[in-house]
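Here is a short report on one protein model. It starts with a pair of strands, then widens to the sheet, the helices and the chain.

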Amino acid sequence: MTALRPLRPSSKVLPVDARGHNRSLVLQTLYREGSRSRADIARETGLTRVTVSALVAELISDGLVVELGQREETRPGKPATLLDLDRSAFVIVGLDLSEHSVFTGALLDLDGAISARAEVALESSTGDEAVAKVVALAEQLIEQATAPVLGIGVGSPGVVDLGGVVLSAPNLGWNGMPLQSILAERFGVPVLVANDANAAVLAEHSFGGADSDAMLITIGHGVGAGLLLGGTPLFGSRFAAGEIGHVVVGTDGGAVCACGKRGCLETWLSIPNLIDRLEGEQGAARTAVLQEAGQRLGIALAPVVGALDLSEVILSGPTELLDGPLMAATVETLRSRTMAEFHGSLTLRMTTLGPDIVLRGAAVMVLSGQLGVS
């Protein structure tokens, strides 16, 4: 399996790895901190001024960095020239394949802002027919691009390996589907494909202020999770880390799941199942349904939080269902099942990024993969 690295470079490395890492370090400094002089960059990164000057010249030549003009100075001497990442130099194509009825896509700038959108109705397509709709969606967006495309990022349901092969996505009929290579061959640009929850947690890390140790739970047609430890994505030996939807919660049975087991977390928490259980319920009865779903989520999360010492858990899904009795019950269950000494300050919150979280996570995948920034 390919060695993993933190999303954000933060220090110098050994000479054998230096050039690419230090190039990313300069870009990351500008990406996060904004305009800086060459001397500022050298001071903040620990790189020598000679190294910074050489890297900046290369980045200007590549169209990634621009000179903004001289800084206004009150002290004597020649004013420093300010630099910044050229945030309009490229666009990113982001695709979200996680919804059961529609594929959505967007053009995003280097700051994750969306400039154009498109969608393709899935209409129960599976196999090669579903792949053809992904290709058509990407093509539609690329035709709208007004700047060179830095890459295509895709958040897909199911288990996805580090080579962008969708090992298993039952709802789409994909088993061993080489989606990344199909798109790269078709469009001739870098492509990165990952599980949708893994993409979503990257968006929270870059644009939502998530901690370096965090877990993001996506609750929709199914239930999944993305994990960051020390700022590094966690995929697992079989690329299935975070597949918590089919973990049985409790020993009291429950509804039969699509996987054949009884009482999987998905039977309690997925939005279609939750809506079915809430139908016709009002007042205290409705609250009780939401609380039970929250308790089941807390039961599933407690051993994960305890084993990994997580400081933050983030929920992504319909706010009107998740934020309130469900979340309160999850927190109460988590704290009753973990050691308060270590996990009493655990934060559980809703994402701030709304329904575009997977699209923006897809953009982070491209930013990290192509520029080494996030």
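## Strand β5 and its partners

In this predicted model, V102 stands opposite A121 in β6. The strands β5 and β6 pair in the antiparallel sense, and seven bridges join them. They also form a hairpin with five residues between the strands. Within that hairpin, G112 takes a positive phi near 85°.

On the other pairing, β4 and β5 run antiparallel, joined by five bridges. G94 stands opposite A106 in β5. These two strands form a hairpin as well, with five residues between them.

## Burial of β5

Is β5 buried or exposed? Seven of its seven residues are buried, so the strand is largely enclosed by the rest of the structure. The cut-off for buried is under 20% relative accessible area.

The side chains of β5 split by direction. V102, T104, A106 and L108 point one way. F103, G105 and L107 point the other way. Both sets are buried.

## The five-stranded sheet

In what order do the five strands of the open sheet lie? The order is β6-β5-β4-β7-β10, and the pairing is mixed. The edges are held by β6 (114-121) and β10 (191-195). Each has a single partner strand, so one side of each is left without a neighbour in the sheet. From one strand to the next, the twist averages 15°.

The mixed pairing shows up at β4. Strand β4 (residues 91-96) runs antiparallel to β5, but pairs in the parallel sense with β7 (residues 149-156). Six bridges link β4 and β7. D96 stands opposite G155 in β7.

## Helices on the sheet

Helix α4 (residues 127-144) packs on this sheet. It touches β4, β5 (102-108), β6 and β7. The direction of α4 makes about 155° with that of β6.

Helix α13 (residues 357-371) packs on the sheet too. Its contacts take in β4, β5, β6, β7 and β10. The direction of α13 makes about 130° with that of β7.

## The α1 and α2 pair

Another packing contact involves helix α1 (residues 18-33) and helix α2 (residues 38-45). Their axes lie 10 Å apart, at an angle of about 105°. That makes α1 roughly perpendicular to α2, because angles of 65 to 115 degrees fall in that class.

Which residues make the contact? From α1 come L25, V26, T29, L30 and E33. From α2 come I41, E44 and T45. By class, the contact has four nonpolar, two polar and two charged residues.

## The whole chain

The protein chain has 13 helices and 15 strands. Its radius of gyration is 22 Å. The globule rule gives 21 Å for 374 residues, and the two values are close, so the chain is as compact as a globular protein of that length. Along the principal axes, the C-alpha atoms fill a box of roughly 75 × 50 × 40 Å.

Of the 374 residues, 50% count as buried. What share of contacts joins residues at least 24 apart, among those between residues at least 6 apart in sequence? The figure is 62%.

Conventions
Residues are numbered from 1 along each chain as its sequence is written. This is a predicted model: local features need pLDDT of at least 70, side-chain atom pairs count only at pLDDT 80 or more; totals for chains, interfaces and linings use all residues. Side-chain values use heavy atoms; hydrogens and water are left out. Axes are lines fitted to C-alpha atoms, for helices over the stretch in contact, and angles run from 0 to 180 degrees between N-to-C directions. Helices (H or I, at least four residues) and strands (E, at least two) are DSSP runs, numbered from the N terminus. Angles under 35 degrees count as roughly parallel, over 145 as roughly antiparallel, 65 to 115 as roughly perpendicular and the rest as oblique. Contact means heavy atoms within 4.5 Å. Ala, Val, Leu, Ile, Met, Phe, Trp, Tyr, Cys and Pro count as nonpolar, Asp, Glu, Lys and Arg as charged, and the others, Gly among them, as polar. Two strands pair if DSSP finds at least two bridges between them. The radius of gyration is taken over C-alpha atoms; the globule rule is 2.2 Å times the number of residues to the power 0.38. Buried means under 20% relative accessible area, exposed over 50%, partly exposed in between (1.4 Å probe, protein chains only).
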